[in-house]
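I opened this notebook to record what I looked up in one protein model. The entries follow the order in which I consulted the structure.

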Amino acid sequence: QARGDAIRFGNFEALAALDLEVGKGECVGLLGPNGAGKSTFIGCLYGVVSRSGGGLAVFGLDPATQAREIKTRIGVVPQENALDDGLTVLENMRIYASFGGLSRKQADPRITELLSYMALESKRDATIKTLSGGMKRRLTFVRALLADPELLILDEPTTGLDPSVRHLLWEKVIELRERGKTILVTTHYMHEAEVLCDKIVILDRGRVVGTGAPREMIDRETPGFVGIFPAGTEQALNPHLNPSWELFHQGRQNCVRAPRFDDLIELQRLSGQTALQLRPANLEDVYLKLTGSELNDDE
């Protein structure tokens, strides 16, 4: 549970009043551009960022005074893999298991089980520097799960991965959620948030601008269908737009949101313009409407 006043660094307000409750077995997504407050909030969960007001409880404990106890019950997949390139997979995992208080006798069977779970069993004795980027990312999941945490924090878990690895990790996260793990994920992939999350919280400039289940947010904020038309077509489209429809821009492309798919088919016929894409409204539309900005991997 999080509630209360702003978190400030000097005169800079990093995170305004945030009321959020994450229930056991839920997967909650934090979305927002760079500087929105996502990292600040995650830092507060660990106790590495001090809040200047309000209340925060993780497992009923206060991170400001009980961070050590909280950390033993949390697994984290950070943005950076932070693995020792000169050691083997097994050696790396044994070191991290010891940090979590596991003995060698406890750790080795757990490591073997998790390497198999993440399709890395054949890399047990390989050095980290010989692994691909996707393998290293999967190994960070193994590391995060070693102590069987109650809360799993995934910070941009699939950025830069090819689609096959991304889908494998999505499958594993869904399995973990179904087993009752509580998961908090930050991501720049809107489809990832739709696939994984029971609830979405969109932050912008330190404030919550939208929250809800992905489908509920789409139906509430951007219902209908979207046609994406090339640059230079706005003049041809305008005479045929219903006043209740929405014309907006993504880069140089012209986008039209209408209630029915057939509306967009008819718009193409009347305007003589062929859409680059016709699709149902999605979470990206919600994000762009509420923040007025686009996410990218550099943010």
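I looked up Thr-222 and found it in the loop between helix 8 (214-221) and strand 11 (225-229); helices (H or I, at least four residues) and strands (E, at least two) are DSSP runs, numbered from the N terminus. Thr-222 counts as buried because its relative accessibility is 0%; buried means under 20% relative accessible area, exposed over 50%, partly exposed in between (1.4 Å probe, protein chains only). Leaving aside residues up to four places away in sequence, I listed its contacts (heavy atoms within 4.5 Å): Thr-222 touches Met-217, Arg-257, Ala-281, Asn-282, Asp-285, Val-286 and Lys-289.

I note the basis of these values. The model is predicted, so local features need pLDDT of at least 70 and side-chain atom pairs count only at pLDDT 80 or more, while totals for chains, interfaces and linings use all residues. Residues are numbered from 1 along each chain as its sequence is written, and side-chain values use heavy atoms, with hydrogens and water left out.

I then took the chain as a whole. The protein chain has 11 helices and 14 strands, and 47% of its 299 residues count as buried. Among its contacts with a separation of 6 or more, 66% join residues 24 or more positions apart.

Next I examined the nonpolar cores (sets of buried Ala, Val, Leu, Ile, Met, Phe, Trp, Tyr and Cys residues joined through side-chain atoms within 4.5 Å). The largest has 53 residues, of which Leu-31, Leu-139, Val-142, Leu-154, Ile-200, Ile-202 and Leu-283 touch the most other members. Helix 5 supplies the largest share of this core, 6 residues. Another core, of 14 residues, lies apart from it and includes Phe-41, Ile-42, Leu-61 and Leu-203.

I turned to helix packing. Helix 3 (residues 89-99) and helix 5 (residues 133-145) pack at about 30°, with their axes 9 Å apart; axes are lines fitted to C-alpha atoms, for helices over the stretch in contact, and angles run from 0 to 180 degrees between N-to-C directions. The two helices, helix 3 and helix 5, are therefore roughly parallel (angles under 35 degrees count as roughly parallel, over 145 as roughly antiparallel, 65 to 115 as roughly perpendicular and the rest as oblique). Val-89, Met-93 and Tyr-96 of helix 3 meet Leu-139, Val-142 and Arg-143 of helix 5.

Last, I checked helix 3 against helix 4 (residues 104-117): the angle is about 125° and the axes are 10 Å apart. Helix 3 and helix 4 are therefore oblique to each other.
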